[in-house]
Amino acid sequence: EANFLTREDALVDAAAAVEADQRTPARIDLARFYLARGMYPEAKAVLDLVLADAKPGSEDPVALIVHSVASALMGRPARALKDLASPAIGSNYDSQLWKALAYARTGKWVEAREKFKNVEFAITSLPIDLQRIVTVDAMRASLEVRDYPGAAKRASELEVTGLPAELKPAISVLRGRLAEALGHDKDALDE
């Protein structure tokens with residue numbers, strides 16, 4: 001909610017003010033700022049620097065996870081899965097959530113649905129904008145594998161979080177598909 005330029009300048013200055021070997025945390029903060037503002041390519045670019053500076057095998061796990069999130073959200077889910085496969089991350093609980101998102105974005109619906117089911121509580125801890133994005137992908141994964149109760153649950157979660165105007169058309173289509181699958185043809189057409 002802070003002024004964008006003021007906050008961005010402060011984060012860039014913080015990253016520039018520390019010694020080269022101490023920049024990773026400051027760069028991760030800058031990347032998270034960009035991610036929170038929906039600036040996924042910018043977040044990825046900052047983290048590309050972090051990962052380029054790291055010695056192979058000693059990458060920062062947080063940098064890898066945030067890089068994978070940015071990659072998935074900007075349409076590069078294969079890159080996200082590659083980041084998440086790094087031994088530096090291991091089987092971190094958060095990584096399972098981002099694997100679910102990446103699987104959904106690659107059309108691996110069965111894997112995505114299973115991962116989403118295993119991390120339901122992690123979804124609710126996300127910032128609201130990311131929560132909506134992940135819930136939409138979780139709903140679609142449930143629809144694709146014919147888990148209609150799961151899809152209905154995700155639709156209810158979206159009602160609670162509220163929908164921005166840009167998501168309403170996509171959600172209407174998903175709700176229509178759900179209604180059609182449940183045999184509610186009139187509701188499907190209305191959506």
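Biologist: Which residues are exposed on the other side of H3?

Modeller: This is a predicted model. In it, Ala-52 and Asp-53 are the exposed residues on that other side of H3.

Biologist: And which residues of H3 are buried?

Modeller: Tyr-40, Ala-43, Lys-44, Val-46, Leu-47, Val-50 and Leu-51 are the buried residues of H3. They lie on the same side of the helix because the arc they cover around the axis is only 165 degrees.

Biologist: Why do residues three or four places apart point the same way?

Modeller: An α-helix has 3.6 residues a turn, so residues at that spacing point the same way.

Biologist: How many residues does H3 have, and what span does it reach?

Modeller: H3 runs over residues 40–53 and has 14 residues. From its first C-alpha to its last it reaches 20 Å, close to the expected 20 Å.

Biologist: What do the buried residues of H3 pack against?

Modeller: They pack against three helices: H2 (23–36), H4 (61–73) and H9 (128–144).

Biologist: Let us take H4. At what angle do the axes of H3 and H4 cross?

Modeller: The two axes cross at roughly 145 degrees and come within 9 Å. H3 passes H4 in a left-handed crossing. On the H3 side, the contact is made by Tyr-40, Ala-43, Lys-44, Leu-47, Asp-48, Val-50 and Leu-51. H4 contributes Ala-63, Leu-64, Val-66, His-67, Ala-70, Ser-71 and Leu-73.

Biologist: What is the contact of H3 with H4 like by class?

Modeller: It has 10 nonpolar, two polar and two charged residues.

Biologist: A change of topic: where does Leu-126 lie, and is it buried or exposed?

Modeller: Leu-126 lies in the loop between helix H8 (120–124) and H9. Its relative accessible area is 13%, so Leu-126 is buried, the cut-off being under 20%. Not counting residues up to four places away in sequence, Leu-126 touches Leu-97, Trp-98, Gln-131 and Val-134.

Biologist: Is Val-110 buried or exposed?

Modeller: Val-110, in helix H7 (residues 109–118), is exposed, with a relative accessible area of 53%.

Biologist: Lastly, what phi does Arg-146 have?

Modeller: Arg-146 has a positive phi of about 65 degrees, although it is not a glycine. Most residues other than glycine have a negative phi. Arg-146 is found in the loop between H9 and helix H10 (148–161), and it is exposed, with a relative accessible area of 65%.

Terms used. Residues numbered from 1 in each chain as written. Predicted model: local features only at pLDDT ≥ 70, side-chain atom pairs only at ≥ 80, totals over all residues. Heavy atoms only, no water. Helix = DSSP H or I, 4+ residues; strand = E, 2+ residues; numbered from the N terminus. Expected span 1.5 Å × (residues − 1). Buried < 20%, exposed > 50% of the residue type's maximum accessible area, 1.4 Å probe, protein only. Arc of directions from axis to C-beta. Contact = heavy atoms within 4.5 Å. Axes fitted to C-alpha atoms, helices over the stretch in contact; angles between N-to-C directions. Left-handed = near helix turned anticlockwise from the far one by under 90°. Nonpolar A, V, L, I, M, F, W, Y, C, P; charged D, E, K, R; others polar.
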